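Biologist: I'm new to this one and would like a tour. Could you show it to me and then take my questions one by one?

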Amino acid sequence: MISSRFLLAILFASVIGIASCKRDNPFWDTGIVAPILNASLTIDDILPDSLLETGSNGEISVVYETKFIGLSDTLFNIPDTTIDTAFHIPFFSLFLQPGGLITPNNSYQQTKYSLNGVEIVAGKLRSGTMYLLLRNDVMRRISFRYEIPSATFNGVPFDTTIIIPAAVNTTTPSYISATIDLAGYDLDMTGLQNNISNTLVVRYEARIDPTESSGITIIPADTVGIASSFTGVVPEFIRGYFGSSTIAIGPETTNFNLFQRIQSGSIGLEALNMELVLENYVGMDARVTLNDIWSTNSQTGNTVHLNAPMMDQPINVDRASYSFGFPPSVPWTQTYTLNNSNSNARALVENLPDQLGYDVTLVTNPLGNVSGNNDFFFVDWAFNGKLRVELPLSFFASNITLSDTIDYDFTTVENKEDILKGTLTMTAENGFPFDAQIQLYLMDVNGTIIDSLIAMPNNILSAPTTTSGSHIVANGQTTSQLLIPLNEQQTQNLFFYNRIMIKTRFNTTGAPSYVQIYNTNKIDFRLTADFDYRVNN
Amino acid sequence: MRMKFRNSFFIAGLFFGSTAFAQDPMETYFLWPSGQNVATKVQTWASYSTGSDMLTNGFVNKLYLGGYIDDGLKSSVMKRQNSYNIVGATADLGVAGVFRFRKPDVVGDGVTQISHKHFMSIRVRDRYRLDGAFGPEAFQLAFYGNRPFRGQTADLSDIKFRFLHWQQVQLQIPLSNTTGIGLSVLKGESFFKGETRKANLFTDPNGYALNVNADFTYQMSDTAKSSFKAWHGTGASLDLYQSFYFGMDQNYVLHLAASDIGFIKWSGQSQTFQKDTSFSYTGFTIDDLTNLNDSSFAGLSTDSLLPTAQFKSVTTWLPATLQATFLIRSEGKWNGMARASLYPNSTARPELKMTAMWKPNKHFGLRTSVAVGGFSRFRIPIETEIAFARKIYVRGGIDNALAFIVPDKSGGQGAFVSLTYSFERGYSN
């Protein structure tokens with residue numbers, strides 16, 4: 001006879017066994033066709049709006065302006081200065097009660113700075129720090145008052161009092177330091193009698209701290225001293241006579257960013273307008289000579305020097321005047337217009353430069369101190385030169401190669417690990433009158449190329465073109481499809497890395513005829529995906 | 001002593017007809033207290049069944065047990081597609097107690113009669129039920145993606161899915177020797193229901209756009225708790241039975257049963273999402289191609305496609321069963337049965353089932369059936385019973401032998417097992 005308990009045990013074991021049967025997730029693969037993104041690329045997207053000007057017929061010009069000659073850093077440079085002052089009790093010992101004066105009654109001190117021929121009579125500090133180190137040999141606390149009568153803030157002279165701790169013993173002095181911000185102080189640099197320049201007046205007063213409980217005898221060896229250091233002094237404004245000297249500005253180079261994305265190739269410009277603008281915001285006469293101006297293409301190593309009438313010729317620069325507004329001075333300006341007929345400005349730009357160089361000589365106050373110490377200078381407003389390039393987008397391009405890097409972030413895309421493989425299709429409807437050969441490179445964080453993505457042929461064909469006057473213009477759009485096949489590894493790479501370099505090579509239609517770009521030209525992109533997706537419940 | 005056969009059938013139907021599922025894998029006629037001194041029987045059981053006229057057993061097994069569903073498996077399902085397909089599943093766990101208050105009446109010549117006044121039963125059940133219906137393109141879209149629909153419209157209309165999980169305390173009382181009633185109190189644990197009315201997805205031939213038209217409703221119970229303790233709905237249900245006897249020896253019996261006529265009212269924290277919308281998705285529009293940062297892809301979440309949830313009470317009708325069973329009985333080893341079933345509030349189709357029962361002795365019984373309809377197309381259920389020491393019945397069976405023989409060409413499967421223990425006592429009346 002089978003035991004009832006045995007049967008019960010079998011039954012419940014079976015039920016538990018069935019219920020606890022291990023289950024995995026089912027998964028299967030599906031084929032998904034879906035649009036990913038769409039975008040339109042106009043000339044506004046390629047170049048910043050701030051650089052573009054649109055003509056009456058919609059033709060586009062690029063206007064690029066760069067300041068490439070600057071003088072403010074070299075004109076005035078006030079060195080860091082340290083002044084040491086010590087007070088001794090001369091000849092004999094002296095007993096001083098609390099409050100007793102150690103220093104002479106009117107201990108004014110004048111310090112004249114040497115500024116290479118520049119005579120400053122007044123100024124205002126943008127920044128500057130005074131560092132004080134005080135010493136006390138007296139075994140009583142010293143009350144030390146430090147005044148700079150010629151430095152005022154909102155009309156109030158600088159005046160501070162510091163308590164120096166008592167010396168530890170007769171051989172061990174005490175020290176104390178203080179740091180004082182001088183930003184915003186007005187300076188009178190004409191001395192106690194207001195008849196000199198570059199001179200700072202200070203006054204010291206040292207006495208036994210009146211709160212001390214008893215007096216003390218001090219001897220000639222006792223010293224109360226102060227060392228004051230001025231560091232990082234930058235004027236906001238200065239006035240005086242700035243001397244007559246010759247200043248070399250350059251040779252130096254500055255970045256020229258208009259073509260920074262272009263890696264190689266050449267262009268031909270139908271026309272170009274360039275203006276060289278010299279501006280003097282300094283209240284000082286000068287004479288400037290443009291020794292050299294050049295453009296450099298670092299990729300090719302090619303340099304083009306500017307040939308123009310004003311080069312190597314002394315140019316008299318008049319002093320600016322106060323504006324009592326903003327900007328603080330009314331500048332002297334001189335504009336030189338350069339074009340195909342009076343210069344090689346077009347060649348300067350067709351060089352596709354990434355750097356602009358200059359070598360300038362400036363003679364200050366060539367006629368001497370004709371202003372009676374009333375030259376002035378606001379630190380942000382000095383002498384500079386600007387180059388303004390107006391580039392009508394009527395050109396031909398041969399293998400112009402642009403490169404740009406895009407950072408992206410797909411970290412929040414859900415279930416991306418279930419996207420197995422597939423093909424991305426980029427459909428481009430090109431409304432520009434040029435072909436574009438495009439390639440996408442997947443990159444790691446160090447900029448190392450991991451993979452190229454677009455299969456050959458990778459051409460976006462030019463829009464249909466027609467001739468309008470002397471120009472070739474786009475007339476409609478041409479559709480091209482680029483395929484990006486992705487195997488499973490490439491798919492995961494796409495999600496793993498987050499940087500893509502886009503390299504595009506342009507060739508205009510009908511070169512060397514010029515194509516004209518209008519504000520209506522655009523490329524419409526549509527990116528679609530056909531991929532295997534693993535459904536994983 | 002010979003018992004009066006007529007009444008024993010009724011009691012059996014009363015107590016166990018109600019355990020039938022939509023697929024009815026458990027036709028239990030074995031619990032009635034046959035012994036003179038049997039006072040109480042206790043039964044516990046567990047069962048499940050699934051069925052579909054499209055999904056194969058091989059496919060369902062993968063779906064449930066996990067693993068990779070390859071193209072061959074999907075293809076075997078696609079070969080069985082209809083213009084409209086159904087799927088269903090059910091599970092039932094429970095314990096029952098059947099109590100007899102008196103010993104059988106002696107009606108003469110040693111024949112005893114079991115009266116309806118002698119019995120009642122109480123059951124506690126944990127039940128699951130899934131009903132679904134869908135067109136073939138819904139399956140194709142779900143398991144093949146929209147690539148096959150490039151340039152075409154996938155019709156997703158009239159998709160219906162409803163899942164119920166509830167617990168049931170069921171009191172069954174005979175009203176007469178041929179009539180009975182069952183009353184249940186239901187505790188709703190969870191449910192969800194989704195259905196589309198008019199819905200389709202168009203995939204542009206070039207993949208430039210996905211156009212969706214969708215008129216759908218989705219409802220779900222309170223998600224605050226999901227365990228057995230969750231009480232998110234309350235309901236009641238009714239079971240009714242009536243038997244008719246024919247023939248000289250009343251060898252023919254027509255048994256009518258209606259079970260699970262009831263409802264569950266889900267709490268006010270139930271959520272309803274309803275939307276009738278059309279939209280075209282053309283991908284993300286990138287304003288600045290040189291700045292493909294994460295914000296360019298904002299709104300990738302599908303949450304934005306869902307309407308705002310409405311919190312309100314929802315009432316769901318239970319999937320009911322209406323059955324007419326015709327039984328041909330004999331005193332020999334063989335009996336036969338035919339049953340027609342209807343399943344209101346369910347996606348299951350009407351079902352016809354023919355059963356041959358073989359019981360060579362009182363310790364062993366075997367029955368096999370053929371069934372068409374319900375959730376499946378064609379099934380061969382097999383079940384057996386073994387009695388031990390007059391006190392213990394073990395029953396078990398499978399819902400479809402074809403599930404083991406040709407899993408990739410058959411739909412519908414299930415299994416059950418039950419254990420019944422009889423307590424005996426002497427009667428004083």
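Modeller: Happy to, and keep in mind that this is a predicted model. Let's start at Asn297(A), which sits in strand S18 (residues 286–297) of chain A.

Biologist: Is Asn297(A) buried or exposed?

Modeller: The cut-off for buried is under 20% relative accessible area. Asn297(A) has 8%, so the residue counts as buried.

Biologist: Zooming out, how many helices and strands does chain A have?

Modeller: Chain A has 537 residues, and 49% of them are buried. Of its contacts with a separation of 6 or more, 85% are between residues 24 or more positions apart. The secondary structure comes to 5 helices and 37 strands.

Biologist: Over to chain B: where is confidence lowest?

Modeller: The mean pLDDT of chain B is 83, and 82% of its residues reach 70 or more. Over residues 1–33 of chain B, though, pLDDT stays under 50. Where pLDDT is low, the predicted coordinates should not be read in detail. Strand S16 (residues 314–317) of chain B has the highest confidence, at 96, while the lowest, at a mean of 40, is in helix H1 (residues 5–16) of chain B.

Biologist: What about Thr347(B): which backbone oxygen does its side chain reach?

Modeller: Thr347(B) is in the loop between strand S18 (334–342) and strand S19 (349–361) of chain B. At 17% relative accessible area it is buried, and its contacts beyond four places in sequence include Ile86(B), Asp131(B) and Phe375(B). At 3.1 Å, the side chain reaches the backbone oxygen of Gly132(B).

Biologist: Which residues of chain A does Gly145(B) touch?

Modeller: Gly145(B) is in the loop between helix H4 (136–144) and strand S7 (153–155) of chain B. Its relative accessibility is 1%, so Gly145(B) counts as buried. Not counting residues up to four places away in sequence, it touches Gln140(B) in chain B, and in chain A Thr30(A), Gly31(A) and Ile32(A).

Biologist: Now for the surface: which strands of chain B each supply at least two residues of the nonpolar patch?

Modeller: The patch is about 570 Å² and is made by Val95(B), Phe99(B), Phe101(B), Ile122(B), Val124(B), Val169(B) and Val185(B). One of these, Val95(B), lies in strand S3 of chain B. The strands that each supply at least two residues are S3 (85–100) and S6 (119–134).

Definitions and conventions: Residues numbered from 1 in each chain as written. Chains lettered and ligands numbered in written order. Predicted model: local features only at pLDDT ≥ 70, side-chain atom pairs only at ≥ 80, totals over all residues. Heavy atoms only, no water. Patch = residues over 30% accessible without salt bridge, like charges linked within 9 Å, V, L, I, M, F, W, Y side chains within 5 Å. Areas by Shrake-Rupley, 256 points an atom, 1.4 Å probe, with all protein chains shown as cover. Salt bridge = Lys/Arg side-chain N within 4 Å of Asp/Glu carboxyl O. Helix = DSSP H or I, 4+ residues; strand = E, 2+ residues; numbered from the N terminus. Buried < 20%, exposed > 50% of the residue type's maximum accessible area, 1.4 Å probe, protein only. Contact = heavy atoms within 4.5 Å. pLDDT = per-residue confidence, 0-100. Polar contact = N/O pair within 3.5 Å; in protein donor to acceptor, adjacent residues only side chain to side chain.
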